[in-house]
Amino acid sequence: MSRSITVTTPENIVITYQAAGIASRFIATFIDLFFQFLLILLFSGFMSTMGANGLGLGDFASAIGIVLVWVTMFGYALLFEAFWSGRTPGKRIMGLRVLRDGGYPLTFVASAVRNLLRIVDFGILPITAMPLVLFGLPGLVCIFFSPTYKRIGDYLAGTIVVQEEAMSPLGKSVLPTLTPEAAFFLPYLRHLERITAEEYAAVRRFVARRRELETIVQASLGERLARPLMEKLEIHAPIQVQLQYADLLEALERRYAEENRLF
């Protein structure tokens, strides 16, 4: 089964990225579960200390402890994905990221839906006094038969987990050296705060795939994407040949990523 997924952005740019496979997702989940386990141990130890300090906080500490355990179990992935650009610590280590269908950045609502449905993917069935746990079998089966490696929560949230570009095995972004042609345009960039998440997603995908395209295609698609942005951002950079539009987009993507700490 091919892991390549092709989408067309609103700017009519065709982009391709790789869906994350079962193995990398499993390892990322295992890493996150390990971190969650450590957090639960930390909270449990802290609450036990509070309950045993002789101040009559036993019941209160127990209640707070239960809340913290549930927040850790169900809020860990939600908070990390929503505020860390679609990544949890496990996903970052494995070089994975959650995106919305079409390659758009993950939203808080989409993250909430996919993570609240983890209970379904894990197969936790409250059919008896002791809930039946299928140890992730429903989600695993769904990923196995899905052409885009989606679990149940991904289908309902409209999300997909992809393999990140330019990531090291330890999850640290490896930013390639900016070419002199692209670096030339850095001083001309301005008003990057006007770029929407969708516009940046389109620029990023173009830059990531431009070396796979024929030069004439790079130039044509680059101009089509760059011209509206140059007008919107009031960028008055000297363009002498069509291919320079692609170089300008490369500089814009790098500067935006650095300013917003997206690496």
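Visitor: Why is Tyr188 called partly exposed?

Guide: The model is predicted, so local features need pLDDT of at least 70 and side-chain atom pairs count only at pLDDT 80 or more, while totals for chains, interfaces and linings use all residues. Residues are numbered from 1 along each chain as its sequence is written, and side-chain values use heavy atoms, with hydrogens and water left out. Tyr188 has a relative accessible area of 31%; buried means under 20%, exposed over 50% and partly exposed in between, with a 1.4 Å probe and protein chains only. Tyr188 is therefore partly exposed.

Visitor: What makes Phe184 partly exposed?

Guide: Its relative accessibility is 39%, and Phe184 therefore falls in that class.

Visitor: How many aromatic pairs does the structure hold?

Guide: There are 8 aromatic pairs, where rings of Phe, Tyr and Trp (its six-membered ring) pair if their centres lie within 6.5 Å.

Visitor: Why is the pair of Phe184 and Tyr188 called tilted?

Guide: The ring centres of Phe184 and Tyr188 are 5.7 Å apart and the planes stand at 45°. Planes under 30 degrees apart count as stacked, over 60 as edge-to-face and the rest as tilted, so this pair is tilted.

Visitor: What links Tyr76, Phe80 and Trp84?

Guide: Ring pairs join Tyr76, Phe80 and Trp84 into a cluster.
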